[in-house]
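Subject: Structure handover

Hi,

Here is the structure I promised you. Please open it beside this email and follow along.

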Amino acid sequence: MMRYLPHTPEEIADMLRAVGAPDVDALFAAVPPEARYKKELDVGPALDEPGLMRHLGELAARNTGAGKISFLGAGAYDHHIPPAVDQLLLRGEFYTAYTPYQPEVAQGTLQAIFEFQTTVSEIFGLPLANASLYDGASATAEAVLMARRLTRREKVVLSEGVHPQYRDVVATFLRSAGLAEGGLVTVPVGADGADDVEALAKALSPEVAAVVVGYPSFFGTVGDVRAVVERARAAGAQVVTATADPYALALLESPGALGADIAVGEGQPIACPPQFGGPGVGLFACRESRETLQQIPGRLCGRTVDKNGQTGYVLTLVTREQFIRRERATSNICTNQGLLALSFTIRAALLGKRGFVETARHCLAKAEYLKAELAKLPGYELAYPQAKTFNEFALRVPGGDAAAVVERARHQGVLAGYPLGEVDPARKGQLLVAVTERHTRHDLDRLAEVLGQIG
């Protein structure tokens with residue numbers, strides 16, 4: 001047990017003598033008695049290492065997702081992450097590097113950030129990418145704040161196709177920024193599940209700073225971003241695209257090619273497994289100009305040469321409050337999601353451009369197969385049968401209660417998807433189903449079999 005409780009009674013006594021305390025309890029005298037936990041912790045008797053490992057394994061096996069075929073998506077996707085990623089993350093050049101604020105001892109970290117920025121820029125088709133943000137939701141909120149600074153306008157228009165948690169975070173950020181009531185408008189998606197271009201256009205006004213659309217949408221549909229850009233640009237507003245699964249951009253036109261001003265996303269699908277809700281890594285890219293460079297949130301890493309002509313990496317832009325006047329800071333993000341950004345970069349490099357595209361093609365082909373199979377089942381129908389989708393789609397279930405279908409399927413070893421009634425009671429009868437390259441033909445057929453039995 002010394003591995004987990006390394007201090008011997010003799011060492012504890014030495015420490016107490018050194019600090020002049022009679023016992024360990026005296027170290028916590030400043031904590032009010034009423035705030036102290038007076039009971040014994042219910043952790044059971046001490047275990048040796050083999051016993052502890054067995055106990056932890058038993059606890060892990062109680063997770064409801066363990067061993068089940070999962071079609072959950074809704075913002076977190078189970079793509080393959082090879083063991084090589086974890087092994088490379090353990091290299092000393094990465095985990096012992098000091099803060100990037102001192103480049104002379106952090107070249108490995110700085111180069112990794114630079115490569116991350118390059119990868120994000122290529123995926124989004126936009127020239128300027130930052131060193132990462134916390135997750136897709138905070139990246140979306142930061143994009144909205146940046147658009148407000150660039151346009152000097154207040155209002156924001158959100159499509160319902162933007163992930164609902166992203167929309168909640170945007171609303172929270174804007175409330176903190178003092179947005180007036182009615183300054184945030186959410187526009188429902190159209191009958192095809194995609195962005196309603198005309199409705200978004202009607203919501204535009206000279207006060208609107210940004211229009212935010214999902215690409216693909218939360219419901220898996222792919223809308224006409226170019227048409228949204230045309231309407232927004234005519235009104236002087238910026239367009240932000242939010243992508244929850246960047247693998248989609250291996251096959252779709254990039255946001256930059258479609259005219260988007262800012263593109264954000266969640267890097268988790270490339271960086272790490274879903275891990276029961278976190279962590280993530282926020283992706284952020286935008287068009288390049290002096291104004292955008294000055295307003296981009298977070299920080300930027302650049303490549304240069306020293307006086308001897310040797311390549312070196314440095315922090316080119318830092319918006320941290322301790323370096324500039326606080327009122328001019330463009331973000332509360334004072335660092336980057338370093339570990340996950342590194343993991344994202346390693347996985348992207350292992351894939352390469354060809355692997356990135358091939359993985360996306362597998363996702364699309366398997367999702368199209370499953371859509372066709374599920375649409376054949378009595379009582380089931382696609383919520384948006386004419387919509388273009390990537391690897392995720394909404395399905396109407398018989399009986400109008402998707403949560404009940406999910407619960408019944410769970411008892412048969414299948415996590416059938418995400419019941420959309422969780423985010424909108426009007427969608428109680430819709431199930432959001434996600435497919436990745438990890439699903440086999442057997443997995444897809446098993447879902448169809450289980451849903452058929454339930455229906």
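Below are some notes on a sheet, its helices and one alanine.

First, the ground rules. This is a predicted model, in which local features need pLDDT of at least 70 and side-chain atom pairs count only at pLDDT 80 or more, while totals for chains, interfaces and linings use all residues. Residues are numbered from 1 along each chain as its sequence is written, and side-chain values use heavy atoms, with hydrogens and water left out.

Helices (H or I, at least four residues) and strands (E, at least two) are DSSP runs, numbered from the N terminus.

The sheet

Start with the open sheet of four strands. Its order is β11-β12-β15-β14, with antiparallel pairing. β11 (381–382) and β14 are at the edges, each with a single partner strand, so one side of each has no neighbour in the sheet. Two strands pair if DSSP finds at least two bridges between them. In general, strands of a sheet pair through backbone hydrogen bonds.

Now go through the pairs:
- β11 and β12 are antiparallel, over two bridges. Leucine 382 has leucine 395 in β12 as its bridge partner.
- β12 (residues 392–396) and β15 are antiparallel, over five bridges. Arginine 396 stands opposite glutamine 430 in β15.
- β14 (residues 418–419) and β15 run antiparallel, joined by two bridges. Proline 419 has leucine 431 in β15 as its bridge partner.

How much of β15 (residues 430–434) is covered? Five of its five residues are buried. Buried means under 20% relative accessible area, with exposed over 50% and partly exposed in between (1.4 Å probe, protein chains only). Both faces are covered: Gln430, Leu432 and Ala434 lie on one side, Leu431 and Val433 on the other.

Helix α13 and its partners

α13 (residues 338–375) packs against α15 (residues 441–454). The angle is about 20 degrees, and the axes are 10 Å apart. That makes α13 roughly parallel to α15. Angles under 35 degrees count as roughly parallel, over 145 as roughly antiparallel, 65 to 115 as roughly perpendicular and the rest as oblique. Axes are lines fitted to C-alpha atoms, for helices over the stretch in contact, and angles run from 0 to 180 degrees between N-to-C directions. Contact means heavy atoms within 4.5 Å.

Which residues of α13 make the contact with α15? They are Lys366, Tyr369, Leu370, Glu373 and Leu374. On α15, the residues include Arg441, Leu444 and Leu451.

α5 (residues 107–124) also meets α13. Their axes come within 9 Å and cross at roughly 45 degrees. That makes α5 oblique to α13. From α5, the contact residues include Phe116 and Ile123. From α13, they include Phe344 and Phe356.

Alanine 210 sits in strand β5 (residues 208–214). Is alanine 210 buried or exposed? At 0% relative accessibility, alanine 210 counts as buried. Leaving aside neighbours within four places in sequence, alanine 210 is in contact with Ala147, Lys155, Val156, Val157, Ala237, Gln238 and Val240. Alanine 409 is 199 residues away in sequence, and 41 Å away in space, C-alpha to C-alpha.

In α9 (residues 225–234), Val225, Ala227, Val228, Val229 and Ala232 are buried. The buried residues of α9 pack against α8 (197–203), β5, β6 (238–243) and α10 (255–258). Just after α9, glycine 236 has a positive phi of about 80 degrees.

Best wishes
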